[in-house]
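Q: Please take a close look at one part of this structure and its surroundings. I would like a connected account of where things sit and what they touch.

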Amino acid sequence: MISTKKIYHSALSDDFQDWQAELSGAVSDLDTLFDLLDLPKQAQVHTPKQFGLRVPHAFIKKMKKGDINDPLLRQVLPDTKETWTIGGYSTDPLDENNHNPIKGLLHKYQSRVLLTVTGACAVHCRYCFRQHFDYHTNQPSTHEMDAVIGYITKHTEVDEVILSGGDPLSLSNKRLKLWLDKIGEIAHIRTVRLHTRLPVVLPNRVDDELITLIRHYQKNIVIVLHINHPNEIDDQLIAKTKQLKDAGATLLNQSVLLADINDDIHTLSKLSQDLFGAGILPYYLHILDKVQGAAHFDIAISDAIRLYWQLLEVLPGYLVPKLVQELPNRPFKTPIDIYQHSNEKN
């Protein structure tokens with residue numbers, strides 16, 4: 001009989017046939033995760049009935065073994081605090097259901113539309129604002145693509161299409177190309193943007209076929225990565241971001257301020273510096289979206305502002321991301337007024 005430890009070791013030794021096999025092999029049970037990280041089972045964890053544990057081996061390899069407080073582990077480890085009922089936190093914190101004119105399309109901002117092209121993600125981040133989103137009724141099939149494309153074609157004020165989900169890079173290259181080709185036929189679309197975490201948690205997703213697809217695309221391609229902590233940036237990711245940049249993609253990053261994970265000046269300043277070293281520009285620093293189950297990650301606006309003043313002191317302006325909050329029924333990301341707590345800036 002083959003021991004489970006041998007199976008775990010094989011999975012961690014980059015022995016997958018391709019990125020899709022690696023994605024399918026993501027860890028989804030706590031015992032396996034704790035075994036891989038040399039951790040005893042923790043009292044505060046739980047097994048959610050929905051939005052369960054999901055984390056690829058490549059991301060686990062970036063975590064420090066034996067450390068239950070590892071900042072990458074804490075982003076993906078289900079905690080009993082998720083079961084708390086906290087006032088002000090909801091299942092649809094951005095009121096997206098009221099900006100969903102047709103299946104698979106959100107039109108909240110005047111010049112951009114967002115497509116939920118998939119409900120799949122490689123990793124389940126415990127603070128995800130769409131963890132309660134009904135993807136079953138909002139994921140367009142191949143047949144329903146025409147309605148989405150028709151809507152965008154009709155709305156000539158839209159010049160950018162954002163592919164989201166889920167994670168658009170969890171789609172196969174064939175499926176992704178189908179979307180890109182259809183969008184590419186719309187004359188007034190200038191830019192296609194992909195919001196993704198896959199290159200961070202599953203770097204092998206950036207394969208030769210994806211690079212070729214990006215290199216030959218006729219529209220601007222912007223890839224917004226989601227990196228919250230400098231430990232997420234390693235040599236493998238840097239090699240992949242170089243390939244993406246060389247193919248012509250513009251790389252940006254958005255982070256979420258998370259309590260006891262990145263809410264200190266050392267972590268945030270190093271994150272911006274390491275992003276720049278990887279060819280990625282810091283774009284947004286988000287106040288947590290108030291989604292049900294994630295209140296324990298939230299920090300006070302006054303603390304965020306204090307950190308922002310410190311970032312302004314230690315970083316050049318081009319490395320300081322915009323401090324923003326996304327609020328329901330606002331036609332833009334809302335910049336945080338950093339002067340509202342000016343007495344706390346020092």
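A: In this predicted model, arginine 74 has its place in helix H5, which spans residues 71–76. Leaving aside residues up to four places away in sequence, arginine 74 touches Ile68, Asn69, Arg126, Ala259, Asp260, Ile261 and Phe297. Threonine 116 is 42 residues from arginine 74 along the chain, and the C-alpha atoms of the two are separated by 26 Å.

The rest of this account concerns another helix and its neighbours. Helix H10 covers residues 235–246. It has 12 residues, and the distance from the first C-alpha of H10 to the last is 16 Å, close to the 16 Å expected at 1.5 Å a residue. After H10 comes glycine 248, with a positive phi near 105°.

Around H10, one side can be told from the other. Leu237, Lys240, Thr241 and Leu244 are the buried residues of H10. Because these residues cover an arc of only 100° around the axis, they lie on the same side of H10. An α-helix has 3.6 residues a turn, so residues three or four places apart point the same way. On the face of H10 turned away from the buried side are the exposed residues Asp235, Lys242 and Asp246.

For H9, which runs over residues 208–215, the axis comes within 9 Å of that of H10, and the two cross at roughly 30°. With angles under 35 degrees counted as roughly parallel, H9 is therefore roughly parallel to H10. On the H9 side, Asp208, Ile211, Ile214 and Arg215 take part, meeting Gln243, Leu244 and Asp246 of H10. Sorted by class, the residues of this contact of H9 with H10 are 3 nonpolar, 1 polar and 3 charged.

From H7, Asn173, Leu176, Lys177 and Leu180 make the contact, and from H9, Glu209, Leu210 and Leu213. The contact of H7 with H9 has 4 nonpolar, 1 polar and 2 charged residues.

Methods:
Residues are numbered from 1 along each chain as its sequence is written. This is a predicted model: local features need pLDDT of at least 70, side-chain atom pairs count only at pLDDT 80 or more; totals for chains, interfaces and linings use all residues. Side-chain values use heavy atoms; hydrogens and water are left out. Axes are lines fitted to C-alpha atoms, for helices over the stretch in contact, and angles run from 0 to 180 degrees between N-to-C directions. Helices (H or I, at least four residues) and strands (E, at least two) are DSSP runs, numbered from the N terminus. Angles under 35 degrees count as roughly parallel, over 145 as roughly antiparallel, 65 to 115 as roughly perpendicular and the rest as oblique. Contact means heavy atoms within 4.5 Å. Ala, Val, Leu, Ile, Met, Phe, Trp, Tyr, Cys and Pro count as nonpolar, Asp, Glu, Lys and Arg as charged, and the others, Gly among them, as polar. The expected span of a helix is 1.5 Å times one less than its number of residues. Buried means under 20% relative accessible area, exposed over 50%, partly exposed in between (1.4 Å probe, protein chains only). The arc is that of the directions from the helix axis to the C-beta atoms.
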